[in-house]
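Here are my notes on the model you sent over. Have the structure open while you read.

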Amino acid sequence: MKKLLSMILASVMVLSLLAGCGGGNNQAPNQNDKPQQSEDKNSGSAPSEPSEPDAPAAGGSITVAALASGYEEAYPGMWQEVCDAFTAETGIEVELIVDKMLEDVIGPAMQGGDFPDVIHLATGREKGLTEQFIKDNNIAELTDVLSMTVPGESAKVSDKIVGGFTDTSVTNPYGDGKTYLAPMFYSPCGLFYNAGLFEEKGWSVPTTWDEMWELGDKAAAEDISLFTYPTTGYFDAFFYALMYSVGGPDFYNKALVYDEGIWDTPEGQQCFEIVSKLASYTNPVTPAQANDQDFTQNQQLVLDNKALFMPNGTWIVGEMAEAPRADGFKWGMTALPAAKAGGNGASYCWLEQAWVPAEAPNLDAAKQFVAFLYSDKACEIFAKGGAIQPVPGLTDSLEGDNKMFYSIYDNGADAAMGNFAAYNAVAGLGTNREEFFDPVNGLVNGSVSQEEWVSGFKAASDQMRENIMG
C-alpha cells in the first residue's frame, strides 16, 4: 500500500497540470451493477472561503439515493445499515433509495424538481446522469465538508481521507481547486481472468501486447476468445491505463485535456491500434450483451472459459459471487500489458463518488451525511461488502482476493488516476463514453471501421477541447 499511495500522490502532482484548464469527468467502472453545495444553488458555486456549516438540530430527514452495485450484493443491506447508524448518531432520519437502475428511479422525479439530498452514483454509466449534472454545474460544492468533524468522532473529514484523493480531476471536475464529488470506494482496475484455467493449460499471463496476441491465437485454437467486456463503459478505465502504459504521464495528461494533435502522435495511434486489434479478438456475442441489463452475461463468459480476459474492478467478486463457474475457477487480476518489452503495465485507480445536487432541499444535513460516510462505523460496514474507501489503514487487514487485487501496484504496475477534462454541454456532443467508447461495439461486430472510429474520436476530442470548462 505504501507504493500505491506514493504512486497516487505522484499522479496527483502530475494532475495538478490540469488545474488551469479544467478537471475531468470521472469515467470509470461503469459500476454497472458494478463499476456512477453551494450557497447559490442555481450555479453550484460557493463562497471562496467556505466554513464548516452548523450541525443541524437533531431530527429532520434526508433522502439518500445509492446504486445497488456489486458491493451491495456482497453484503445486502449495506447502505441501509450505514443510514441507520447515521440516524442513531445524529437523530436525522434517512429515506433510502437503492436500486441497480438508480437513474430510472430518481431521474423522473428530479426532472420534476424533486431531488435527493445525497446521491452515490459514479460517472461512466450508460445514462451519464452524473456527467450531466457536472456539465450543467448542478452539483453542490463539498469543499467545506473536508473541514467538518465526522459525526460521532473528534477527527476532521480531511483527516479520514488519504492525501491526494480530494485533489484529482475525479473529485474536482472544474479545475478550480474546489471539491464537488466526495471520494468513496476505490478499486484497482485491470484485466480479470480465471487463474485456474491458466494453471491447467500451463499458460503465462502476458506482460506485453505482443505476448497478448500470441496467447489470443493459442486460445482461439481451443475455441476460447481472448477478450470480452461488460459494457463499453468499462473502456474508460481500460483506456486510461492503456494511455498511461503507452505514453507515460506526459502523454497521459495531455490527452486528458484533449491537447491539440495528441491523437496524431505515435502514442495516440498505438492506443487506437491496440483497441482495434483487441476488438478482433473479442468474443462476438459481447456487443449484444454490453448494456446495463445484460452485462453480467459478458462477465459470465470468463467464468465459463469462453473468454480469457475482461476489464473490471474489485467489485466483480461480489457481483458474480452466486454465478456458476468452470471447475477449478480462481480469480486472477493483472495490469494492462506493457506497450513494449521491459516497460511497465498500468492499472487505473477507479474511484466512485458521492455528491449532493445543487438543489438538494436539506443541504446542511446532506453534508453531515457525507461527513459520516468517513466514520469508523460507516467504513466498517462498507468493508463487509468489499467496498474500500481511501481511508488510512483500511487495506491493512485485507485478506483473500482483495489482498491480491490491492497489491497490484506493489507488483510493478503504474497507477493511473484522473479523467478526461469536463466540458460544457454542446448540442450533439455526448459524454466521453458515448463519443469515445460506445463505437467499440461497432468495431467488434464489424459495423464500424477503425478509420471511422478514429475519425469520430478526434472530431469529438476537438469539440471537447474547444468547450473545456475552467
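1. Buried residues account for 60% of the 470 residues in the protein (buried is under 20% relative accessible area, exposed over 50%, partly exposed in between, with a 1.4 Å probe and protein chains only). Bear in mind that this is a predicted model, where local features need pLDDT of at least 70, side-chain atom pairs count only at pLDDT 80 or more, and totals for chains, interfaces and linings use all residues. Residues are numbered from 1 along each chain as its sequence is written, and side-chain values use heavy atoms, with hydrogens and water left out.

2. I get 18 helices and 10 strands in the protein. These are DSSP runs numbered from the N terminus: helices are H or I with at least four residues, strands are E with at least two.

3. Which residues of α18 are buried? They are W453, V454, F457, A460, S461 and M464. They cover an arc of only 135 degrees around the axis, so they sit on the same side of α18; the arc is that of the directions from the helix axis to the C-beta atoms. On the other side of α18, E451, E452 and E466 are exposed.

4. The cover over the buried residues of α18 includes α8 (235-256), α9 (266-280), α16 (432-437) and α17 (440-445), with contact meaning heavy atoms within 4.5 Å.
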